[in-house]
Amino acid sequence: MIKVATDSTCDLPEECYQDYDITVVPINIQFGTETYEDGVTIDRATFFQKIEETDKLPSTSQPSAGQFEKHYRKMMAAGATDIISLHVTAKLSGTFQSAELAREMLAGVVRVHPFDSACGSAGLGFMALEAVRMIREGHALAEIMARMEVLRERMNIVL
């Protein structure tokens, strides 16, 4: 069974993650010495409240390989034999690299296919939804990964 994972830079509505069975690995957010897992130990309202209180933007860091491993193992326990792990561009974050390290840690246990989306936010969300749509239609892993390559090349972010 193929399942999809992404990171919390993927800005889909919460119900999409549930409806489409997409696992989210949270990035880490630091306000001073306090570290939070995005969407787990800090929600959007608290995030913005802390910005107002501190008058500073937080720093972020990618999830560790161990955090990825934990989520991948849960996906495996839920029946995943292959995990398509879609992530924010490696140009901005080490998230993809952490997913690669977790893939190596789980070699021979579950097949993980980390993918650098070359984008983030809504673009990453659209890719995740397309991957799930293709899984539900019965497409093979190779077809889904090829489609992710096409989407990555066609994705345009306008600032």
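Start with the open sheet: three strands, order β4-β3-β5, antiparallel pairing. Pairing here requires at least two DSSP bridges between two strands. Strands are DSSP E runs of at least two residues, helices H or I runs of at least four, numbered from the N terminus. This is a predicted model, where local features need pLDDT of at least 70, side-chain atom pairs count only at pLDDT 80 or more, and totals for chains, interfaces and linings use all residues. Residues are numbered from 1 along each chain as its sequence is written, and side-chain values use heavy atoms, without hydrogens or water.

β3, residues 28-31, pairs with β4 over four antiparallel bridges. Take Asn28: its bridge partner in β4 is Glu37.

What packs on the sheet? Helix α2, residues 44-54, touching β3 and β4. Its direction makes about 25° with that of β3. Axes are lines fitted to C-alpha atoms, for helices over the stretch in contact, with angles from 0 to 180 degrees between N-to-C directions. Contact means heavy atoms within 4.5 Å.

Next, the largest nonpolar core. That is a set of buried Ala, Val, Leu, Ile, Met, Phe, Trp, Tyr and Cys residues joined through side-chain atoms within 4.5 Å; buried is under 20% relative accessible area (1.4 Å probe, protein chains only). The core has 21 residues. Val4, Ile22, Leu86, Met127 and Met148 touch the most other members. α5 (121-136) is one of the contributing elements, and α5 gives the most, six residues.

Terms used:
Buried means under 20% relative accessible area, exposed over 50%, partly exposed in between (1.4 Å probe, protein chains only).
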